[in-house]
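Please keep the structure open beside the text.

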Amino acid sequence: MVPVLVAHGLVKSYRRRRIVDRVDLAVEPGERVAILGPNGAGKTTTLLMCLGVVRPDAGTVSIAGHTLPHKRAAARANVGFAAGYLPMPDRIRVREYLTFHGRLHGLDDMAERSTAALRRFGVEHLASAMATELSSGQKTLVGIVKATLHAPPLLVLDEPTASLDPDVANRVRTGLAEICGPGGSALLLTSHNTTEVERLADRVVFLSGGRVVANDAPARVAAQFGSDNLEDVFLRLAGSPVGTDR
Ligand SMILES: Nc1ncnc2c1ncn2[C@@H]1O[C@H](COP(=O)(O)OP(=O)(O)OP(=O)(O)O)[C@@H](O)[C@H]1O
């Protein structure tokens with residue numbers, strides 16, 4: 001089986017400060033992988049390089065066998081991406097926004113698809129809302145719904161539950177667990193929430209100071225640091241320096 005994502009030797013520096021330092025990352029079909037790490041560890045930069053949004057200084061990325069940047073269009077057809085920082089146009093209703101994105105992926109039956117996708121995340125009541133009427137958390141939810149519409153082989157989510165209340169965040173995790181896994185989408189997400197990672201991820205890639213310091217099943221990563229939970233590991237590693245001059 002072709003991995004849905006292979007990134008090898010990713011490096012990125014900003015103003016001579018190395019933010020991501022030789023990161024390798026692979027995601028198998030249906031696998032659920034979480035990138036965990038403290039603020040500034042390089043999680044978002046790594047994701048954006050994997051998506052071809054940020055150009056790495058060194059390293060290679062391929063998605064479903066399509067190497068970036070040359071095969072970007074073919075690669076992107078395999079990906080759904082959502083992040084709280086992605087804007088949603090103001091003067092559009094949620095249903096129209098989802099229909100637009102579905103059609104970009106060549107989908108029809110958008111009324112039914114949109115309703116089903118909104119229902120999966122418990123927000124079907126937002127279908128007729130204008131974007132201007134949505135709270136920031138609701139916009140995040142609509143972004144996640146949009147990213148899942150075409151059942152992408154790889155779903156990439158940057159801190160999907162960071163702006164959500166605990167109840168809504170739980171519904172999102174339940175929705176993601178339904179569609180991501182063997183036979184469904186692979187999931188690559190970033191998070192600071194160790195409980196979320198333990199619940200959702202088959203594998204955790206722990207980034208600290210731009211480097212992968214652990215890469216294994218959550219329980220095994222905890223054991224590697226002499227603990228039975230990721231929270232302890234996080235607290236131990238969070239004190240590490242964030243980026244270094246090289
Ligand atoms: N375009 C940029 N120009 C300069 N510095 C940048 C740029 N993008 C990111 N950085 C720096 O790179 C470092 C890593 O940022 P990144 O957003 O990848 O970390 P992160 O692990 O996602 O952090 P957080 O958990 O806070 O979202 C930070 O110190 C950030 O300030």
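## Around the ligand

Twelve residues surround the ligand, and the closest are Tyr14, Asn39, Lys43, Thr44 and Thr45. Here a residue is near a molecule if its C-beta atom, placed from the backbone, lies within 6 Å of it. Helix H1 (residues 43–50) gives the largest share of this shell, three residues. Helices (H or I, at least four residues) and strands (E, at least two) are DSSP runs, numbered from the N terminus. Sorted by class, the shell holds four nonpolar, seven polar and one charged residues. In that sorting, Ala, Val, Leu, Ile, Met, Phe, Trp, Tyr, Cys and Pro count as nonpolar, Asp, Glu, Lys and Arg as charged, and the others, Gly among them, as polar.

Residues are numbered from 1 along each chain as its sequence is written. This is a predicted model, in which local features need pLDDT of at least 70 and side-chain atom pairs count only at pLDDT 80 or more, while totals for chains, interfaces and linings use all residues.

## The overall fold

The protein has nine helices and eleven strands. Its radius of gyration, 18 Å, is close to the 18 Å that the globule rule gives for 246 residues, so the protein is as compact as a globular protein of that length. That radius is taken over C-alpha atoms, and the rule is 2.2 Å times the number of residues to the power 0.38. The C-alpha trace spans about 50 × 40 × 35 Å along its principal axes.

Of the 246 residues, 40% count as buried. Buried means 20 or more other C-beta atoms within 10 Å of a residue's own, exposed means 12 or fewer, and partly exposed lies in between, with C-beta atoms placed from the backbone. Among contacts between residues at least 6 apart in sequence, 67% join residues at least 24 apart; a contact needs C-beta atoms, placed from the backbone, within 7 Å.

In an unreviewed entry, UniProt lists residues 5–234 as "domain: ABC transporter". That span is 35% helix and 27% strand, and its end C-alpha atoms lie 25 Å apart.

## Core and loops

Which residues touch the most other members of the largest nonpolar core? They are Val145 and Leu154, in a core of 65 residues. Such a core is a set of buried Ala, Val, Leu, Ile, Met, Phe, Trp, Tyr and Cys residues joined through C-beta atoms within 7 Å. Beyond its neighbours within four places in sequence, Val145 is in contact with Leu98, Ala117, Leu118, Phe121 and Val123.

Glu159 sits in the loop between strand S7 (154–158) and H6. This residue counts as buried because it has 21 C-beta neighbours inside 10 Å. Not counting residues up to four places away, Glu159 touches Gly84, Thr190 and Ser191. Its C-alpha atom is separated by 13 Å from that of Thr45, 114 residues apart along the chain.

Finally, the peptide bond from Leu68 to Pro69 is cis, with omega near 0 degrees. Pro69 lies in the loop between strand S5 (66–67) and helix H2 (72–76).

Key: Contact = placed C-beta atoms within 7 Å. UniProt positions renumbered as here; feature names shortened; annotations may be inferred.
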